[in-house]
Amino acid sequence: MEDCLFCKIIAGEIPSAKVYEDDFVFAFKDISPIAPVHYLFVPKTHICCAKKITADNSVQVAKIFEAISKIAADEKIDSFRVINNCGEDAGQSVMHLHFHLLAGKQMGWGEQSLG
Ligand code: AMP
Ligand code: ZN
């Protein structure tokens, strides 16, 4: 999709620190990490947000969670948190579906706990 930051990262038009790629999934380091491990997992096709996940495209979400499981095992990450922000009020700033993988620190629970 034109003018989508993450589509441009997937296409290699904007550089990123890639951590994983397969036919469905692209994953890279968040540019402003809030934990020692902070990766973003995105579907290779443009889906704006979790509101647009349907039976036709949900395989891409399943593939993302398979990739998260694989990366966690490869990097010996025992505890982790996966976050999806959907919509402005939830803090979504890039309108291409993505899941944050956070690890490497003690994490509290609550609205402000991740800063
Ligand atoms: P969200 O706020 O949930 O939409 O998450 C968007 C994330 O994208 C933020 O954590 C940003 O730090 C991250 N981000 C923005 N631009 C880039 C970039 N060029 N490379 C890597 N991560 C980015
Ligand atoms: Zn996109």
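User: Where is Phe24 placed, and is Phe24 buried or exposed, or in between?

Analyst: This is a predicted model. Phe24 sits in the loop between strand 1 (18-21) and strand 2. Buried would need a relative accessible area under 20% and exposed one over 50%. Phe24 has 30% relative accessibility, so Phe24 counts as partly exposed.

User: How far apart are the C-alpha atoms of Phe24 and Val61?

Analyst: Along the chain, Phe24 and Val61 are 37 residues apart.

User: Where does Pro36 lie, and is Pro36 buried or exposed?

Analyst: Pro36 belongs to the loop between strand 2 and strand 3. The cut-off for exposed is over 50% relative accessible area. Pro36 has 61%, and therefore Pro36 is exposed.

User: What is the C-alpha separation of Pro36 and Phe65?

Analyst: Pro36 and Phe65 are 29 residues apart along the chain. Their C-alpha atoms are separated by 20 Å.

User: Which element holds Phe41, and what is the relative accessible area of Phe41?

Analyst: Phe41 is part of strand 3, which covers residues 37-43. A residue is buried under 20%. Phe41 is buried, because its relative accessible area is 0%.

User: How far is the C-alpha atom of Phe41 from that of Asp74?

Analyst: The two residues, Phe41 and Asp74, lie 33 residues apart along the chain. The distance between their C-alpha atoms is 16 Å.

User: What is the phi of Lys76, and where does Lys76 lie?

Analyst: Lys76 is found in the loop between helix 2 (58-74) and strand 4. With a relative accessible area of 74%, Lys76 is exposed. Most residues other than glycine have a negative phi. Lys76 is not a glycine, yet its phi is positive, at about 55 degrees.

User: Which residues coordinate the zinc ion (ligand 2)?

Analyst: The donor residues are spaced C-x2-C-x38-H-x49-H in sequence. The donor atoms are SG for the cysteines and ND1 for the histidines, at 2.1 to 2.3 Å. The residues that coordinate the zinc ion (ligand 2) are Cys4, Cys7, His46 and His96.

User: What geometry does the site of the zinc ion (ligand 2) have?

Analyst: Ideal angles for four tetrahedral donors are 109.5 degrees. The 4 donor atoms of the zinc ion (ligand 2) make angles of 106 to 115 degrees. Four donors count as tetrahedral if all angles lie between 85 and 135 degrees. The site of the zinc ion (ligand 2) is tetrahedral.

User: Are Cys4 and Cys7 buried or exposed?

Analyst: The limit for buried is under 20% relative accessible area. Cys4 has 6%, so Cys4 is buried. Cys7 has 12%, so Cys7 is buried.

User: Which side chain does the side chain of His96 make a polar contact with?

Analyst: His96 lies in the loop between strand 4 (81-83) and strand 5 (99-103), and at 0% relative accessibility His96 counts as buried. A polar atom of the His96 side chain is 2.8 Å from a backbone oxygen, that of Pro43. The side-chain partner of His96, at 3.3 Å, is His46.

User: Which residues come nearest to ligand 1?

Analyst: The shell around ligand 1 has 7 nonpolar, 7 polar and 2 charged residues. Its largest share, 3 residues, comes from helix 1. Of the 16 residues around ligand 1, those that come nearest are Asp30, Asn85, Gly91, Ser93 and His100.

User: What share of the area of ligand 1 does the protein bury?

Analyst: An oxygen atom of ligand 1 lies 2.5 Å from a polar side-chain atom of Asp30. A nitrogen atom of ligand 1 is 3.1 Å from a polar backbone atom of Ile31, and a backbone N or O atom of Val94 lies 3.1 Å from an oxygen atom of ligand 1. Taken alone, ligand 1 exposes 500 Å², and the share that the protein buries is 82%.

Methods: Residues numbered from 1 in each chain as written. Chains lettered and ligands numbered in written order. Predicted model: local features only at pLDDT ≥ 70, side-chain atom pairs only at ≥ 80, totals over all residues. Heavy atoms only, no water. Near = heavy atom within 4 Å. Polar contact = N/O pair within 3.5 Å; in protein donor to acceptor, adjacent residues only side chain to side chain. Areas by Shrake-Rupley, 256 points an atom, 1.4 Å probe, with all protein chains shown as cover. Helix = DSSP H or I, 4+ residues; strand = E, 2+ residues; numbered from the N terminus. Nonpolar A, V, L, I, M, F, W, Y, C, P; charged D, E, K, R; others polar. Donors = N, O, S within 2.8 Å, 3.2 Å for Na, K, Ca; no water. Tetrahedral: all angles 85-135°; square planar, octahedral: opposite > 155°, others 65-115°. Buried < 20%, exposed > 50% of the residue type's maximum accessible area, 1.4 Å probe, protein only.
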